[in-house]
Amino acid sequence: MEDQNYYDILGVSTKATQEEITAAKNMLAKRYHPDANIKNGIDTTDKMQEILEAYGVLSDTGRRAEYDRGIGGRRQDMQTFDLKADASGRGQTEEDTFVTYWKAAGALYEIIMESNELFRQKEETSRLAQLSMQALKHIIILKDAAIPEKYWHPDIMNWLLFTWYKNRNITVAYLLTMYDEYVKKSVTPVEKLKLQGRAHRFQHSVRKLIKY
């Protein structure tokens with residue numbers, strides 16, 4: 001954590017309220033919990049420990065005040081993601097960040113999960129039409145960023161976000177190359193097939209909804 005302070009880790013402003021700090025921790029914990037990622041060949045244990053460590057300090061008024069005094073001389077407002085902004089990036093200081101694309105992919109995933117259930121039930125046709133329109137907005141964001149469909153699944157987008165967060169100057173194209181190299185060198189053939197299978201099923205669901 002030499003290059004990041006606790007506010008950077010949680011992605012919040014140094015002026016964040018306790019509610020915003022808790023919301024940030026919960027959002028990141030959902031994405032980086034080891035149990036949800038290790039089966040996909042992505043070890044997020046260290047990242048999760050950082051998140052909990054940062055939250056432990058910033059959620060405690062006394063410890064936070066002491067921490068703030070320690071970083072006071074070098075504190076600066078970093079580029080953070082606005083927890084209240086939607087996936088289109090409105091409310092962020094810079095629109096073209098990978099957080100924007102990660103949010104779009106996450107929102108798209110939630111839409112697809114709901115649409116898959118509705119397709120199984122063979123009902124709620126009006127709701128499916130609404131979901132199709134909502135999904136299109138997020139798809140446009142991802143396509144405009146030149147992120148191919150095979151990378152849209154949360155398993156992959158989480159890895160990409162974590163890697164981007166360590167060096168925010170990385171271009172999207174290079175980030176995708178890094179992921180491909182990671183899979184090639186570090187993921188077992190069995191896990192690779194599982195990753196590809198999940199990504200393929202997600203692509204199929206996206207196309208099915210958009211055609212609705």
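**Helix packing and core of an all-helix chain**

Helix α6 (residues 98–121) and helix α10 pack at an angle of about 70°, with their axes 10 Å apart, where axes are lines fitted to C-alpha atoms, for helices over the stretch in contact, and angles run from 0 to 180 degrees between N-to-C directions. The angle makes α6 roughly perpendicular to α10, a term that covers 65 to 115 degrees, whereas angles under 35 degrees count as roughly parallel, those over 145 as roughly antiparallel and the rest as oblique. In this pairing, L108, Y109, I111, I112, S115, N116 and F119 of α6 meet F202, S205, V206, K208 and L209 of α10, contact being defined as heavy atoms within 4.5 Å. The residues of this contact divide into eight nonpolar, three polar and one charged; here Ala, Val, Leu, Ile, Met, Phe, Trp, Tyr, Cys and Pro count as nonpolar, Asp, Glu, Lys and Arg as charged, and the others, Gly among them, as polar.

The model is predicted, so that local features need pLDDT of at least 70 and side-chain atom pairs count only at pLDDT 80 or more, while totals for chains, interfaces and linings use all residues. Residues are numbered from 1 along each chain as its sequence is written, and side-chain values use heavy atoms, with hydrogens and water left out.

The chain contains 10 helices and zero strands, the elements being DSSP runs numbered from the N terminus (helices H or I, at least four residues; strands E, at least two). Of the 212 residues in the chain, 46% are buried, meaning under 20% relative accessible area, as against over 50% for exposed and values in between for partly exposed (1.4 Å probe, protein chains only). Among the contacts in the chain with a separation of 6 or more, 64% are accounted for by residues 24 or more positions apart.

V206 lies in helix α10 and is buried, with a relative accessible area of 4%; leaving aside neighbours within four places in sequence, V206 is in contact with L108, I112, I139 and W152. The C-alpha atoms of V206 and S115 are separated by 9.2 Å, although these residues are 91 residues apart along the chain. Q203 also lies in helix α10, which spans residues 189–210, and counts as buried at 13% relative accessibility. With neighbours within four places in sequence set aside, Q203 is in contact with E149 and K150.

The largest nonpolar core has 59 residues, and those with the most contacts inside it are F98 and L160; such a core is a set of buried Ala, Val, Leu, Ile, Met, Phe, Trp, Tyr and Cys residues joined through side-chain atoms within 4.5 Å. Helix α6 gives the most to this core, with 11 residues. The core draws at least three residues from each of domain 1 (6–70) and domain 2 (97–211), whose bounds come from an automatic or database domain assignment. Not counting residues up to four places away in sequence, L160 touches F98, Y151, L175, L176 and Y179.

A16, in the loop between α1 (6–10) and α2 (18–32), counts as buried at 6% relative accessibility, and is in contact with I21 and R64 once neighbours within four places in sequence are left aside. A146, in the loop between α7 (125–144) and α8 (154–166), is exposed, with a relative accessible area of 56%, and has a positive phi of about 60° although it is not a glycine.
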